[in-house]
Amino acid sequence: MEQFDTALVLSRVLTSGVVMSIEKNDRELPALERLLTKRTRRSKAILVNSRSAAVHAALTGQDIGHGDTAELPAAATGRDRAFVDWVGVTATAPADGAAPAPAFDLITLTPENAADLASAAADATAPTLVVDLTGLGFGPAAAVLTDDAGVWTRGERLKIFGAFDLRTMWTQEEAEPGLAPGVQFNYRLSPLVAACARMALAQAGTRSAEKTGDTPR
Amino acid sequence: MITDFPSSPLALPDPADLTAELAEFGGAAMIPKEVRRTIFPVITKEDVFNLLLAQRSDAAKVVDGFAEEYRAYVGARRALPTASGTSSLHLALVGAGVQPGDEVIVPAFTFIATAQAVVAAKAIPVFVDIDPLTYCMSPEAAAAAITDRARALMPVHVHGLPADVPALRALADRHGLALVEDASHAHSAKIGDRVAGSFGDAAGQSLMADKNFPLGGEGGIAFFDSDEGYDRAADYLERHGIDYGMSWVAGAFGSSQLKRLPYYDAIRARNASLLAAALRETGLFTPPHVPEGHTHAYNMYRIGLDPAAVDLGDLPVWAVKEAVHELLTAEGVPAREWQNTPIPCHLPFRERSGFGNGYPFTLNPAAVRDHAPTDFPTIVAMLESTVVLCRELRSPVEWERVSRYADAFRKVAARPDAIRKLVAEREYVRPYEKAARLG
């Protein structure tokens with residue numbers, strides 16, 4: 001993304017005065033959710049503030065927790081594996097001769113491949129899709145995409161002041177059986193970072209280096 | 001264009017408003033609906049410009065630059081910038097040497113992140129009651145909770161008032177425990193000349209955008225008083241693949257805001273002083289207690305109620321509080337409960353599923369308790385007899401607004417008959433009988 005565009009986005013959000021993720025009037029986080037669900041053709045998005053947070057939400061969303069096992073995608077890095085181990089989940093390999101069936105697929109976006117998100121998402125077959133947005137250049141950011149409302153609910157409940165807590169006016173009492181939160185983290189994404197990531201994704205593939213002057217970030 | 005500029009000014013205080021009919025019963029509200037919104041945080045042209053400049057810098061340098069500036073301001077030895085307050089607390093515990101299965105003694109009155117950070121460190125939060133004057137962790141209650149498995153005391157500088165650090169430090173030293181501060185409410189709070197965040201072996205602090213010192217959205221910072229503590233936390237992140245990194249966007253905004261923090265502090269202190277003077281006149285209301293030598297940061301302002309002072313001593317204080325809350329809200333004062341039950345009575349600590357299958361609670365079953373609110377009588381008494389202002393003393397809250405807040409308290413306190421009427425008509429319940437609120 002061009003520096004001018006980033007400047008425009010940051011100025012726009014700052015001018016609105018709304019930079020809090022728990023602010024009812026925030027429009028940036030829902031806007032990024034809409035763009036990601038549209039691009040990936042998934043119905044639900046969980047925005048978080050890092051790749052490891054997204055891996056955590058993808059597992060928790062499927063009720064995979066400490067003491068459980070999960071197959072990790074081939075794209076998982078050593079850091080991803082170390083994190084899954086820290087969560088207490090044992091990584092497994094596909095059974096002999098069986099096709100890979102990872103608990104989540106993993107797409108790592110950069111300015112160079114951001115335009116390919118839709119096709120990469122179309123190729124993904126796991127129940128959840130982790131999209132790492134950090135490489136877009138605005139700091140740690142990621143999302144979990146899914147068509148499963150249960151995954152979304154459990155994943156959001158991993159966040160303190162996640163969508164569920166905000167919807168219920170900050171109470172946690174209305175959980176359905178089995179959906180009560182366990183450990184929770186502040187994995188909320190900043191509206192400023194979300195706005196920049198959205199702009200980068202929206203522009204991906206629409207502007208060539210010849211047009212933009214090939215400026216960094 | 002969306003703008004944070006106010007749509008209209010607030011009228012100056014008018015003595016005639018004090019004797020007008022209460023808004024609850026059809027009178028004019030002290031703060032009319034159309035001017036109730038206070039935009040927070042303050043965002044200036046310098047913030048915008050600094051963010052634009054930061055684009056041209058290396059992202060890591062922007063974040064590290066912010067962390068170093070703020071570390072120097074606090075006076076801590078080392079600092080680790082993070083994505084949130086919760087993650088900073090987690091790293092503070094790790095840096096202090098807390099291990100899986102250890103017990104960490106925390107106040108049962110705090111934001112839930114304090115206790116969740118303990119669980120994130122795979123330790124067990126042991127909840128204790130608070131001091132009735134400061135609302136911070138009671139050193140006596142903490143002492144009574146120490147076992148062989150205890151590893152740390154984790155006081156919270158609740159609402160911005162430093163806890164009794166000398167007593168807690170002495171207690172920690174006597175038992176070989178670490179002292180880990182939760183300074184998330186306590187930006188610029190002090191004991192003597194020392195700033196919160198620099199008292200303990202380690203500290204965590206939220207810098208999210210609704211705090212006195214706001215970053216661009218979400219952020220936090222962990223402080224350590226030793227290189228070993230810092231190294232332990234940094235190595236932990238690396239070894240376990242945990243990404244708690246702060247965005248350069250947040251860091252750049254923080255560097256810009258830090259230059260105005262002393263101004264923000266002065267505005268809150270001025271507004272708190274003005275409001276305290278008004279509350280003392282009323283009899284019904286009392287301002288927060290501030291021990292000698294402590295500087296309160298007033299992240300929140302908890303106001304006490306003394307019904308007997310206005311001949312309402314025969315009514316349950318929690319019912320008076322509910323009525324007062326209703327009357328103040330109608331006047332346009334955004335008074336809140338901010339917590340209505342002790343933290344161990346919240347769902348995650350009743351169910352205790354943790355990371356899954358009960359971990360880490362399963363590591364130390366002897367430390368785990370099923371709590372009722374009444375296990376913490378001081379907290380229950382406080383929740384039943386206080387109301388809270390949250391952002392309402394901060395810049396940009398101007399003189400006329402805080403003066404009108406003060407007048408609203410005067411107006412309500414002058415109408416015990418109205419309070420009695422509401423208590424008789426409504427079916428109020430105790431705070432902890434309602435669904436547990438996060439904030």
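This is a predicted model: local features need pLDDT of at least 70, side-chain atom pairs count only at pLDDT 80 or more; totals for chains, interfaces and linings use all residues.
View 1. Residues are numbered from 1 along each chain as its sequence is written, chains are lettered from A and ligands numbered from 1 in the order in which they are written, and side-chain values use heavy atoms, leaving out hydrogens and water.

**View 2. Where the domains of chain B lie.** Domain 1 covers 15-40 + 260-339 + 381-433 and domain 2 covers 45-259, with bounds from an automatic or database domain assignment. Their C-alpha centres lie 30 Å apart. Domain 1 of chain B brings 26 residues to the contact and domain 2 of chain B brings 33 residues, where contact means heavy atoms within 4.5 Å.

View 3. Side chains of opposite charge can pair when their charged atoms come close. Look for Asp47(B) and Arg260(B), whose side chains meet in a salt bridge (2.7 Å, N to O). The term means a side-chain nitrogen of Lys or Arg within 4 Å of a carboxyl oxygen of Asp or Glu. Across this domain interface the rule finds one salt bridge. On the domain 1 side, α9 (261-282), β11 (294-295) and α12 (377-384) of chain B each give two or more residues; helices (H or I, at least four residues) and strands (E, at least two) are DSSP runs, numbered from the N terminus. Of the elements on that side, α9(B) gives the most, with five residues.

**View 4. Chain A against chain B.** Now let us turn to the two chains. The contact takes 58 residues from chain A and 68 residues from chain B. About 5100 Å² is buried between chain A and chain B, 59% of it from carbon and sulfur atoms. On the chain A side, His66(A), Arg79(A) and Trp86(A) lose the most area to chain B, together 14% of what that side buries.

**View 5. Arg79(A) reaches a partner in chain B.** The side chain of Arg79(A) meets that of Glu238(B) in a salt bridge (3.3 Å, N to O). Between chain A and chain B the count is two salt bridges. Helices α1 (3-16), α3 (51-61), α4 (78-87) and α8 (191-203) of chain A each supply at least two residues to the side that touches chain B. With eight residues, α1(A) gives the most to this side of chain A.

**View 6. A link inside chain A.** The structure holds 35 salt bridges over all chains. One joins the side chains of Asp132(A) and Arg51(A) (3.1 Å, N to O). Asp132(A) lies in strand β5 (residues 128-132) of chain A and Arg51(A) in helix α3 of chain A, so this pair ties together parts that are 81 residues apart in sequence.

Terms used: Buried area is the accessible area (1.4 Å probe) that two parts lose on being put together, summed over both.
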